[in-house]
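This report describes how the parts of one structure meet one another. The sequence and the structure are shown first.

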Number of protein chains: 2
Amino acid sequence: MRVAILAHEKFPDHAKTALGVLRYADYDVVGILDRETAGNRVSDFVPDVQDAPIVSSMADLEAGSVDALLIGIAPVGGGFDPSWREDVRTGLEYGCDLISGLHYFLEDDEEFATLADEYDADVWDVRKPHDELTVAEGVADEVDAEVILTVGTDCSVGKMTATMELARDAREAGHDAAVVPTGQTGIMIEGWGNPVDRVVSDFTAGSVEEMILEKGDDHDYLFVEGQGSIIHPAYSAVTCGILHGAMADKLVLCHAAEREMLAYDYGVAVPSMQTYVDLYESLAEPVHPTSVVTGALNTYGLEDDDAREAVDAFETELEKPATDVIRYGTDHLLEVLL
Amino acid sequence: MRVAILAHEKFPDHAKTALGVLRYADYDVVGILDRETAGNRVSDFVPDVQDAPIVSSMADLEAGSVDALLIGIAPVGGGFDPSWREDVRTGLEYGCDLISGLHYFLEDDEEFATLADEYDADVWDVRKPHDELTVAEGVADEVDAEVILTVGTDCSVGKMTATMELARDAREAGHDAAVVPTGQTGIMIEGWGNPVDRVVSDFTAGSVEEMILEKGDDHDYLFVEGQGSIIHPAYSAVTCGILHGAMADKLVLCHAAEREMLAYDYGVAVPSMQTYVDLYESLAEPVHPTSVVTGALNTYGLEDDDAREAVDAFETELEKPATDVIRYGTDHLLEVLL
C-alpha cells in the first residue's frame, strides 16, 4: 500500500506516529506532508528509516500515486486541525483511504463522509473501539503462543519500539512471531488492533485478551505492546488491564536512561528497578505468574560512552540481561526470550 | 423526592440496585414494580430497610404521587427489556423523571426522548459519562479531607455497603463525612458521581480524581466507593485506576466470608489477606503511600456463631481491627478510621 503521511509542522521531532510508520510499517511511503520542512527528504533528518520526499500538500502528490492518507501526528487533545482539511479533501478526491488516530473521528465528519462515499474511499479511525468489546474471561493463557509483554517504568520509554524491534528480529531469525498492538501507532503499523487506552474501562483487559485469542494459535510468539506504567498516576489502569488481560509468560522491563521523575510533571520519582519487578510480578501472580526476564533501555540522545555506561548500570540494577535495542540490537534479549 | 423502583421479577434477591436505594438513598420510595411479587410489601422480604408496597405496574401508582421512576435492576448485558416499556411510558406521562443505570441509554430512545420532552421530564442515564472527563493530574491528595477508600479482595464482597455504612455512621457521630460514589447504585443513592467502570480507560483515575477535587475541600472525610479487586482478571484496571486516582489516606479491605475463589468462575483462588495488603500498599506507595488500617467482612447468610468465628479469623489473619458492619455495626472500624 502506497501511503502519504500528514505531519504538518511536526516532522520529524514531534511526529512519533509518522516515524513509527516509516520505521516499522509495511507501507510504501510516497510522501510526507509538512509545509514547514517541504523540499527536504526524510533522509535529511532521519537516516535509518525508509526515505521519502517531504511536500507541502496532498496536491503536490499525483492522483493515482497514493492509496491512503495517514494522519501521522497527534496534537494534544487529539483534535482535527482545520488547516489539514484541504489535504484530506484532496486525498479523498484522489480516491485515497484515510487512516487516522485522532480522537476526532474522521468518519463522523460530514464533509469527509460524503466525499468518502462519492470516491469509494474507506475511513479507518484507528482509535474508535469496535462495538463488540466486553470484559475479559481470563483465558489468554490458553493460546499456543508464548506471550511476551513489554512493561514500562513510565510513559514514553520505548515500549512500542522494543516490541517492534524484538518481533521483527525474532522473525528474521526464523521464528513465527507477531505483534499485538495496543496503541494508535502500533495499530497503524500492524494494520489491526484495539486502542486499549480508548476502550470502556471495564473492557481494558478484555480488549487485550480478545487480540491474544485472535492471534495466539497462529504464531509461536506474540509480542504484546505495553502502555504506560503500573505506577503512573494517570495511566496505571490501562497498564494493569494489559498485564492481567495478556497473561504474559515473560515480561520485558522498558526504561529510559536518566529518567528520574515520571513523565508529564506528576512529581512522582522513579523508584528502584527492583520495585518495578516486584510490582509487576506480584500483581500478575494471582492471575497468571510471570517474570521480568530482561530489560530494554532507551539511551536516545546519549553519547556512545554514556550509553554503554547507562546500559551496564541498568543491567546491574535489574540483575537481568538488558540493552538498548536500537543502539545495540536485540540479540542479547532474544537469547532469553525465545 | 418520591420514587418508584422498577424491579420486575427480580425483587428482592436479584435487585441489588433497588435494595441499595431502599437502604441508603434519601428518597421516599412509594412503590416497587415487580409483577411477580406484587401484592406483598418490601418488609415481607427485607426487614431493615424502608418499607413500600410492591405493585404490578406504574399504572397501579397514582399520577402525581411519584416524582421519578428508577430502574432498580441491571440485567446481564445492561439492555432494556421490552416488557418495561409500558411502565416507562406511563411514568413519563405522569411527568416522572427517569433514573437508569442501564448500558442502554434511555435518553437516546426515540419514544422516551419525545415523551420526556412533551411531559417536561428529565432523563438521567447514570452510566453515561460526562464529556469533560480527562486524564488524572495526580493531585487528589491536595484536598483538605481525609480520604478513605474501600478496596476489595473480589467483586461483590460489600464495598458499596461498607462505604455507605461507614459514612452514615460517621455523620451520625457528628463528623462531616461524604461518599464518593463510583458505580451505578452508589451514584443513584448519592444523586451524583462518575460511573468509573464506564469511562474511557485512560480517564479511569481522572474520573475519580475529579470527584475528590469537587468534594474534598467541603468535608472532613471522604469515603470513596471501591470497585472490583486488584487481582480480578477482568476488573483490575478499574480498581487500579481508583487506587491511584483517589490517593487515599487509609484503606479498608473488604472481603466476603467463605469466598475461596474469585467471583464469576475465573478459576482464580483467593490468596492470603496479607497478599492483598501488600499489593494494595506497594502499588499505591510510589504515587501516594497509604495503608490498609481495617477490614470489613461480609458474613451474609452465615449463622450467628459462624459469623462471629469468621470475623475473628479474618481479624486474626488481617492483623487489623475488622468486623461485619451490617451485623455488628461500624464502631470498631470508625475508631481507627476517624
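Domain 1 of chain A and domain 2 of chain A bury about 1,200 Å² between them, and 64% of that area lies on carbon and sulfur atoms. Of the area that domain 1 of chain A buries against domain 2 of chain A, 46% is supplied by Thr17(A), Tyr24(A) and Trp124(A), more than by any other three residues. The model is a predicted one.

**The two domains of chain A**

Domain 1 of chain A covers residues 2-125, and domain 2 of chain A covers residues 140-337. Their C-alpha centres lie 28 Å apart. Domain 1 of chain A brings 16 residues to the contact, and domain 2 of chain A brings 15 residues.

Between these domains the count of salt bridges is zero, while four residue pairs are in polar contact, both residues being at pLDDT 80 or more. Sorted by class, the side of domain 1 of chain A that touches domain 2 of chain A holds nine nonpolar, five polar and two charged residues.

**The interface of chain B and chain A**

The two chains also meet. Chain B and chain A bury about 2,800 Å² between them, with 61% of it on carbon and sulfur atoms. Ser201(B), Asp202(B) and Pro286(B) account for 19% of the area that chain B buries against chain A, more than any other three residues. Chain B contributes 33 residues to the contact, and chain A contributes 33 residues.

Zero salt bridges are counted between chain B and chain A. Across this interface there are 12 residue pairs in polar contact, both residues at pLDDT 80 or more. On the side of chain B that touches chain A, at least two residues each come from α6 (204-215), α7 (236-246) and α8 (273-284) of chain B. Among the elements of chain B, α7(B) gives the most to this side, with six residues. The classes on the side of chain B that touches chain A are 21 nonpolar, eight polar and four charged residues.

| Parts | Buried area | Share on carbon and sulfur atoms |
|---|---|---|
| Domain 1 of chain A and domain 2 of chain A | about 1,200 Å² | 64% |
| Chain B and chain A | about 2,800 Å² | 61% |

Technical notes
Residues are numbered from 1 along each chain as its sequence is written. Chains are lettered from A and ligands numbered from 1 in the order in which they are written. This is a predicted model: local features need pLDDT of at least 70, side-chain atom pairs count only at pLDDT 80 or more; totals for chains, interfaces and linings use all residues. Side-chain values use heavy atoms; hydrogens and water are left out. Contact means heavy atoms within 4.5 Å. Buried area is the accessible area (1.4 Å probe) that two parts lose on being put together, summed over both. A salt bridge is a side-chain nitrogen of Lys or Arg within 4 Å of a carboxyl oxygen of Asp or Glu. A polar contact is a pair of N or O atoms within 3.5 Å; within protein, one must be able to donate a hydrogen and the other to accept it, and residues adjacent in sequence count only if both atoms are side-chain atoms. Helices (H or I, at least four residues) and strands (E, at least two) are DSSP runs, numbered from the N terminus. Ala, Val, Leu, Ile, Met, Phe, Trp, Tyr, Cys and Pro count as nonpolar, Asp, Glu, Lys and Arg as charged, and the others, Gly among them, as polar. Domain bounds come from an automatic or database domain assignment.
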